[in-house]
Amino acid sequence: MAAVSKYLTARNSSIAGGVLLLFYLLKHRRRAHRRSGNHQKDLTMHILSHIIFKDGKKDRAAVDKVFCLRIIRILRLMVPRVFCMEVLYQTADGLYLCHSSKSLNAIIGRSTKDFKTFLFSFIKFMPLIALVNNFLKLGLNELKLRFRERLTKSLYDRYLQGFTYYKMGNLDNRIANADQLLTQDVEKFCNSVVDLYSNLSKPLLDIGLYIFKLTTAIGAQGPAIMMAYLLISGLFLTRLRRPIGKMTVTEQRYEGEYRYINSRLITNSEEIAFYNGNIREKQTIHATFKKLVDHLHNFIFFRFSMGFVDSLIAKYVATVVGYLVVSRPFLNLSHPRHLHSTHSELLEDYYQSGRMLLRMSQALGRIVLAGREMTRLSGFTARITELMKVLKDLNEGKYERTMVSQQEKDTAENLLLVPGSGQIINRDNIIKFDHTPLATPNGDILIRDLTFEVRSGTNVLVCGPNGCGKSSLFRVLGELWPLFGGQLTKPERGKLFYVPQRPYMTLGSLRDQVIYPDTYEEQRKKCISDQVLKEYLDNVQLGHILDREGNWDTVQDWMDILSGGEKQRMAMARLFYHKPQFAILDECTSAVSVDVEDYIYSHCRKVGITLFTVSHRKSLWKHHEYYLHMDGRGNYEFKPITEETVEFGS
C-alpha cells in the first residue's frame with residue numbers, strides 16, 4: 001500500500017481525472033454521431049410524441065423573479081401559518097460546538113482539571129446532542145409529509161371540483177399525464193423544498209453567528225471579504241446552473257411519456273394481443289425509454305461538470321479565501337493585536353479564529369451548493385405552477401385547445417365559435433335546445449343550428465350513424481362540453497342521469513354499486529332502506545347477488561365479479577335509486593334480454609323518469625314518443641313516432 005500511495009499525489013490524481021474526462025467526452029461525441037444516423041427513427045418518435053402527448057408551450061424554469069413568485073404562491077398552500085421550531089432545533093447543535101475551543105485552552109494551559117471538566121461536560125451533553133440530531137431528521141421527514149399532504153389535498157380539491165378532472169383530459173391540451181403531476185411531481189417538489197430549507201437554515205444561522213464572533217476577534221474586514229466572495233460566486237454558479245431547471249422539466253415529461261406508454265399497453269392488452277402487436281409495442285416502449293435514457297445521460301454528465309465547478313468554487317477556493325483572511329493579522333508583524341502575545345496565546349487565537357472562519361467558509365459553501373438544489377427545484381415549481389394555473393382556468397370555464405381550421409369552408413357560412421358563449425338556463429321538467437350549434441371542443445361543427453324541445457313524460461329515441469353527434473349531444477347536456485352559442489334549457493346536473501353502455505363499478509361494497517355516487521350517510525338522509533335497495537335489485541333480476549354475497553357491506557372487485565349484462569342491470573338499479581327527471585340511456589341494455597328491457601322501460605315510465613335512448617333495437621321504438629335522427633352530414637330531424645314512422649334498426 002505504501003508503494004502505491006506514493007503515486008496518489010494531487011498532481012497524478014488531476015492528470016488521471018483529466019484523462020477520464022477526455023475519454024468520456026470522446027465516447028459522448030461518438031454516441032451523438034451514432035444518433036444522428038438514426039434521424040428517421042428519431043423523427044418517428046417526434047411525430048409519435050406530438051400525436052400521443054399534449055406538449056403545449058412550456059414555461060422556462062430558472063432561478064429568477066418568476067421562480068420566487070411561483071414558490072411563494074405554492075408555499076402559501078403548504079404553510080398556512082408561520083412556524084420556526086425546526087430552525088431553533090438546527091441552531092442548538094451549532095451553538096454548543098462554538099464553545100468546544102475550551103478544550104484547546106485546557107490542553108495548551110496543561111490544566112488537567114479544566115480538561116476533565118470540559119470532557120465530563122461534553123459526555124453529559126452527548127445524549128442531548130444525539131437526541132437533537134435525530135429529532136432534526138424526524139422533523140424534516142415529518143415536514144416533507146405535511147407539505148405533501150397539504151399540497152396534495154389542495155390540488156385534488158381543485159382537480160375534483162365539478163368536471164375539472166374530465167375537462168383536463170378531454171377539453172384542454174396543455175397538460176398530459178396529470179396523474180404524474182399529482183403524485184410523483186408533488187412528492188419530488190415537497191422533498192426538494194424541505195431539503196433546500198434544511199440546507200439553507202443551519203448555514204445561514206452559522207454565518208450570522210460566526211460573523212458576530214469573527215468581527216469581535218479579527219475585525220469586520222475578514223467577514224466582509226467572505227460575504228463578498230459568497231455573493232460573486234453565487235451569482236456566477238447560478239448563471240451556470242440555469243439549464244438544470246429546463247432539464248428537470250424535460251426529465252419529468254419524458255418520465256410521464258414512458259409511464260403513459262406502459263399504462264396504455266395494460267389498458268389495451270386484449271386488442272394488442274388479437275393483433276399480435278407485441279413486437280410493435282416493444283419497439284415503441286424501447287424508443288420511448290431510449291429517449292428518456294439519453295436525456296438522463298446528458299443530465300448526469302451536466303451535473304458531473306457542475307459538481308466539479310461547484311466543489312472547486314464553493315469548497316476549496318472558499319477555504320483558501322478563508323485562510324488568507326484569517327492569516328493577515330498573524331503574518332503582519334506590526335499588527336497591534338499581537339504585539340505582546342505569547343506563542344501559546346497566538347496559537348489559541350489562531351485556532352479559534354481559524355476554526356470559526358473555516359466553519360463560516362463551509363457554511364458559505366453549503367449555501368452556494370444549495371443553489372444547485374434551488375435550480376432543480378425551479379423545474380418542479382414550473383410544473384406544479386402550470387398545473388395550478390390550468391386547474392384555475394378550467395374551474396373558471398376557460399380552456400385552451402387547438403381549434404379546427406375552417407378556412408376551406410365558405411366564409412359566409414362560418415360561425416364564430418366561442419367556447420362558453422351559449423347560455424344555460426336551469427329549469428325543471430324540460431330540455432330545450434334553442435338555435436344551439438352542436439360542436440366538439442376543438443371547433444368541429446356537427447350540427448349548425450339545433451332546435452327542439454322535450455317535456456317530462458316524453459321519451460325520445462336518438463338514432464343515426466356513428467360519428468353523427470349522439471354522444472356529443474349528451475356531453476353538452478351533461479355540461480361536459482362547452483356551449484358555443486344559443487340557449488340550452490335543462491334541469492340541474494343532479495336531476496339528469498347518464499347510463500353508459502359499459503357502466504362504471506366503483507371501489508367499495510355491494511351497496512356502493514347501487515347508490516353511487518351517494519354515500520351510506522346520504523342514503524340514510526334520503527330515508528331509503530336496504531329493503532328498498534333489495535327491491536331495486538329484484539326489479540332488474542339481480543336479487544341473487546345479494547343472496548350470494550350475504551350482506552350489503554361485502555367488498556369485491558365488482559368490475560371483474562359482474563358480467564357485462566349484470567353491470568348494465570346494476571346501472572339500471574342505480575337509476576331507480578336516484579330517480580332523476582331525465583335519464584340518458586346510451587346502448588345500456590345491449591347485453592340485457594328483451595323481457596328485462598321491457599320491464600326496465602315500463603318501470604321508468606311508472607316512476608316518472610323521462611328517457612333519451614340511444615339504441616339500434618327496433619323493440620325499443622314502442623317505448624318512445626319522439627325520435628331525433630342525425631344523418632352525420634349536419635342535418636337532423638325531430639319528429640313524433642306514429643304508425644307511419646319507418647322503424648330502422650335490428
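Analyst: Let's start with pairing: two strands pair if DSSP finds at least two bridges between them. Helices (H or I, at least four residues) and strands (E, at least two) are DSSP runs, numbered from the N terminus. What you see is a predicted model, where local features need pLDDT of at least 70 and side-chain atom pairs count only at pLDDT 80 or more, while totals for chains, interfaces and linings use all residues. Residues are numbered from 1 along each chain as its sequence is written, and side-chain values use heavy atoms, leaving out hydrogens and water.

User: In what order do the four strands of the open sheet lie?

Analyst: In general, strands of a sheet pair through backbone hydrogen bonds, either parallel or antiparallel. Here the order is β1-β5-β2-β3, with mixed pairing. β1 (423-426) and β3 (445-455) are at the edges with a single partner strand each, so one side of each lacks a neighbour in the sheet. From one strand to the next, the twist averages 20 degrees.

User: In what sense do β1 and β5 pair, and over how many bridges?

Analyst: β1 pairs with β5 (residues 487-490) in the parallel sense, over four bridges. To spot this, find I424, which stands opposite L488 in β5. Helix α15 (residues 470-477) packs on the sheet and touches β2 (430-439), β3 and β5; contact means heavy atoms within 4.5 Å. The direction of α15 makes about 120 degrees with that of β2.

User: At what angle do the axes of α18 and α21 cross?

Analyst: Two packed helices are described by the angle between their axes and the distance between the axes. Axes are lines fitted to C-alpha atoms, for helices over the stretch in contact, and angles run from 0 to 180 degrees between N-to-C directions. The axes of α18 (residues 530-539) and α21 (residues 564-578) cross at roughly 135 degrees and come within 9 Å. That makes α18 oblique to α21 (under 35 degrees is roughly parallel, over 145 roughly antiparallel, 65 to 115 roughly perpendicular, the rest oblique). On the α18 side, L533, Y536, L537 and N539 meet M570, A573, F576 and Y577 of α21. By class, this contact has seven nonpolar, one polar and no charged residues (Ala, Val, Leu, Ile, Met, Phe, Trp, Tyr, Cys and Pro are nonpolar, Asp, Glu, Lys and Arg charged, the others, Gly among them, polar).

User: How do α21 and α22 lie relative to each other?

Analyst: The axes of α21 and α22 (594-607) cross at roughly 15 degrees and come within 11 Å. The two helices are therefore roughly parallel. R569, M572, L575 and F576 of α21 make the contact with V596, I600, H603 and C604 of α22.

User: Does I515 count as buried or exposed?

Analyst: Buried means under 20% relative accessible area, exposed over 50%, partly exposed in between (1.4 Å probe, protein chains only). At 0% relative accessibility, I515 counts as buried. I515 lies in helix α16, and the C-alpha atoms of I515 and R574 are separated by 5.9 Å, though these residues are 59 apart along the chain. Leaving aside neighbours within four places in sequence, I515 is in contact with Y520, Q523, L533, Y577 and H578.

User: What kind of peptide bond joins Y516 and P517?

Analyst: A cis one, with omega about 5 degrees. P517 is in the loop between α16 and α17.

User: Where is E479, and what is its phi?

Analyst: E479 is in the loop between α15 and β5. Its phi is positive, about 65 degrees, although E479 is not a glycine. E479 is buried at 17% relative accessible area. K579 also has a positive phi, about 50 degrees, and is not a glycine, but K579 is partly exposed at 43%.
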